[in-house]
Amino acid sequence: MIPLIALVAGAAVARLAGLAGVDALDGWQPALRVGLALMFVLTGAAHFGPRRRADLVAMVPPRLPRPELLVTLTGVLELLGAVALLVPATTRWAAAGLAVLMVAMFPANVSAARRRLTLAGRPVTPIGVRSALQVLFVATAVAISFGP
């Protein structure tokens, strides 16, 4: 749920800043970029923190090779994508790339739920809830990619 909170709260605060006169944040598109960037900073950083890294490595489906490398790579891509969302020249490509990345990583979430793994000591999000969240996250990235 933390990624959802980051997305919604980040977008809401950015939108309020836009309404308060920050021209760069005047509109829902820029606000969504900020919210999605915040979400990916949090999720990307989790790939490197000692509390979550082992759990994320365990989430990689067993048939995939080098799970530690995959977690490092996806973490780096999430952090780079977060920064690129905030750069007008790269926003659309970053959003499209992050949408593809989320789709590519979704099987790890399904695998983790089926194997009843935990993340930071709590059960991973059930498949139904995770699927709904994933649709929302991907739709946000797609809306940014194809937006004005």
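The legends below describe close-up views of a predicted model.

**View 1. Packing of helix α4 against helix α5 in the predicted model.**
Helix α4, which spans residues 67–85, and helix α5, which spans residues 91–114, pack with their axes 8 Å apart and at an angle of about 150°. Because angles over 145 degrees count as roughly antiparallel, α4 and α5 are therefore described as roughly antiparallel to each other. The crossing in which α4 passes α5 is left-handed.

**View 2. Residues in the contact between α4 and α5.**
On the side of α4, the contact is made by T74, L77, E78, G81, A82, A84 and L85, while α5 contributes T91, A94, A95, L98, L101 and M105. Sorted by class, the contact of α4 with α5 holds nine nonpolar residues, three polar residues and one charged residue. An α-helix has 3.6 residues a turn, so residues three or four places apart point the same way.

When residues up to four places away in sequence are not counted, A84 touches T90, T91 and A94. Two of the residues named here, T91 and A94, also belong to the part of α5 that makes the contact with α4.

**View 3. The salt bridge between R15 and D26.**
The structure holds one salt bridge, which R15 forms with D26, and the closest N and O atoms of the pair are 3.4 Å apart. R15 sits in helix α1 (residues 2–19), whereas D26 sits in the loop between α1 and α2 (28–46), so that the pair, 11 residues apart, links distant parts of the chain. The two partners can also be described by their accessibility: R15 is buried, with a relative accessible area of 14%, whereas D26, at 47% relative accessibility, counts as partly exposed. Side chains of opposite charge can pair when their charged atoms come close.

**View 4. Buried residues of helix α3 and the elements around them.**
In helix α3, which covers residues 50–59, the residues D55, L56, V57 and M59 are buried. The buried residues of α3 pack against helices α2, α4 and α5, and also against strand β1 (118–119).

Conventions:
Residues numbered from 1 in each chain as written. Predicted model: local features only at pLDDT ≥ 70, side-chain atom pairs only at ≥ 80, totals over all residues. Heavy atoms only, no water. Axes fitted to C-alpha atoms, helices over the stretch in contact; angles between N-to-C directions. Helix = DSSP H or I, 4+ residues; strand = E, 2+ residues; numbered from the N terminus. Parallel < 35°, antiparallel > 145°, perpendicular 65-115°, else oblique. Left-handed = near helix turned anticlockwise from the far one by under 90°. Contact = heavy atoms within 4.5 Å. Nonpolar A, V, L, I, M, F, W, Y, C, P; charged D, E, K, R; others polar. Salt bridge = Lys/Arg side-chain N within 4 Å of Asp/Glu carboxyl O. Buried < 20%, exposed > 50% of the residue type's maximum accessible area, 1.4 Å probe, protein only.
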